[in-house]
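Hello,

Here is the structure for you to look at. My notes follow below it.

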Amino acid sequence: MTSIAAPPTTVGTVSALRRLYFVRSAFAIVWAVVMFTMAKEISPVAAVLLVVYPLFDVAAAVVDANASRETRSPVLLYVNMAVSLIAAVGVGIAATSGIPAVLRVWGAWAIVSGLVQLIVAVPRRTMGGQWPMILSGGISVLAGGSFVASAGADNPTLAGAIGYAIPGGIFFLISALRLGRTAKEA
């Protein structure tokens, strides 16, 4: 039986994505744990953390775009960068208006970035480790709709939006582990 080695650029992309996914996983889980202590109101620290999350997404998309430039067009990652940058500014502004406004912006961002994540992950399936990203993108779209809807609740909190980061972190961890398997097989 013959095996065909993966092209070096694919192996490099897999390795870079694996490292990125580990970092994203750790960031999401630590961020969520810290934010859970502030879910009932928007303090100045909470507002900063709410802005930092989409900014971290921008940085991660930059790393992803650089890592995958040789294997795929990074156009959708550029879209994600722009959307996440707009979301960071929007969340910062919304934080001055209260939790319902933050939930609306956060929800809109989750919907759009989830769609982008889904669309980016589907062609990457052949690399391995992308099914969790596909699921995460789909769940993000659904969760975003839930955040927008919950903004109209009697006493909305940020708990749902914060809890959204934990499954995302878990999905990134699973993808990183799966990509490790892919790299060993290459």
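**What I found**

The chain has 7 helices and 0 strands. Both are DSSP runs, numbered from the N terminus: helices are H or I with at least four residues, strands E with at least two. In order, the elements read α-α-α-α-α-α-α.

This is a predicted model: local features need pLDDT of at least 70, side-chain atom pairs pLDDT 80 or more, while totals for chains, interfaces and linings use all residues. Residues are numbered from 1 along each chain as its sequence is written, and side-chain values use heavy atoms, without hydrogens and water.

Of the 186 residues, 45% are buried (under 20% relative accessible area, 1.4 Å probe, protein chains only).

Asp 64 sits in helix 2, residues 44-68. Is Asp 64 buried or exposed? Asp 64 is buried, at 7% relative accessible area. Beyond its neighbours within four places in sequence, Asp 64 contacts Leu 17, Leu 20, Leu 77 and Arg 124. Contact means heavy atoms within 4.5 Å.

Now the largest pocket. A pocket is an open set of points on a 1 Å grid over the protein atoms alone, where a 1.4 Å probe fits, with protein on both sides within 12 Å along at least five of seven lines. Its volume, the space filled by probe spheres set on the points, is about 510 Å³. The lining (residues with an atom within 4 Å of a point) has 35 residues; Arg 24, Asp 57, Gln 117, Ser 136 and Phe 172 are the closest to the centre. Helix 4 gives the largest share, 7 residues.

Best wishes

Note on methods: Buried means under 20% relative accessible area, exposed over 50%, partly exposed in between (1.4 Å probe, protein chains only).
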